[in-house]
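Here is a short briefing on one protein model. Look at the sequence and the structure first, then read the points below.

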Amino acid sequence: MAEKKNPSIKDPELYGELREDGASKQKAARISNAAAKRGRSAVGRKGGKAGDYEDWTVPELKAKAKEIGLAGYSAKKKSELISALRNS
């Protein structure tokens with residue numbers, strides 16, 4: 001998939017691969033920029049510490065949504081928040 005050049009994307013090759021795999025633009029940019037900053041292997045090791053979103057409270061889910069810059073999270077139900085976080 002040919003993407004336009006974007007100076008805010010630090011690893012365009014990884015960004016393109018993630019987009020082809022179905023990641024959103026926001027998620028692909030976040031991952032590719034983290035990989036460019038810390039290295040791909042360091043980003044791959046990250047994770048697995050937060051637990052399942054189903055175990056989180058609604059205020060915790062809303063705080064995470066705010067942290068990653070999702071819009072319209074305040075009126076969402078728990079299941080909608082979980083879906084939005086997983087697909088961002």
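Which residues make up the largest nonpolar core? Tyr 53, Trp 56, Leu 61, Ala 65, Ile 68, Leu 70, Leu 81, Ile 82 and Leu 85 do, nine residues in all. This is a predicted model: local features need pLDDT of at least 70, side-chain atom pairs count only at pLDDT 80 or more, and totals for chains, interfaces and linings use all residues. Residues are numbered from 1 along each chain as its sequence is written, and side-chain values use heavy atoms, with hydrogens and water left out.

**Nonpolar cores**

- A nonpolar core is a set of buried Ala, Val, Leu, Ile, Met, Phe, Trp, Tyr and Cys residues joined through side-chain atoms within 4.5 Å.
- Buried means under 20% relative accessible area, exposed means over 50%, and partly exposed lies in between (1.4 Å probe, protein chains only).
- Helices are DSSP runs (H or I, at least four residues), numbered from the N terminus.
- A second, separate core has eight residues, including Ile 9, Leu 14, Leu 18 and Ala 23.

**Helix α5**

- Leu 81, Ile 82 and Leu 85 are the buried residues of α5.
- They cover an arc of only 100° around the axis, which puts them on the same side of α5. The arc is that of the directions from the helix axis to the C-beta atoms.
- The cover over these buried residues includes α4.
- Leaving out residues up to four places away in sequence, Leu 85 touches Tyr 53, Leu 61, Lys 64, Ala 65, Ile 68 and Leu 70. Contact means heavy atoms within 4.5 Å.

**Aromatic pair**

- The whole structure holds one aromatic pair.
- The ring centres of Tyr 53 and Trp 56 are 4.9 Å apart and the planes are at 85°, so the pair is edge-to-face.
- Rings of Phe, Tyr and Trp (its six-membered ring) pair if their centres lie within 6.5 Å; planes over 60 degrees apart count as edge-to-face, under 30 as stacked and the rest as tilted.
- Tyr 53 and Trp 56 are both buried.

**Salt bridges**

- There are two salt bridges in the structure. Each needs a side-chain nitrogen of Lys or Arg within 4 Å of a carboxyl oxygen of Asp or Glu.
- Arg 86 and Glu 54 form a salt bridge (2.9 Å, N to O).
- Arg 86 lies in helix α5 and Glu 54 in the loop between α3 (40-45) and α4, so the pair ties together parts 32 residues apart in sequence.
- Lys 64 forms a salt bridge with Glu 67, with the closest N and O atoms 3.6 Å apart.
- Both Lys 64 and Glu 67 lie in helix α4, three residues apart.

Conventions:
Helix = DSSP H or I, 4+ residues; strand = E, 2+ residues; numbered from the N terminus.
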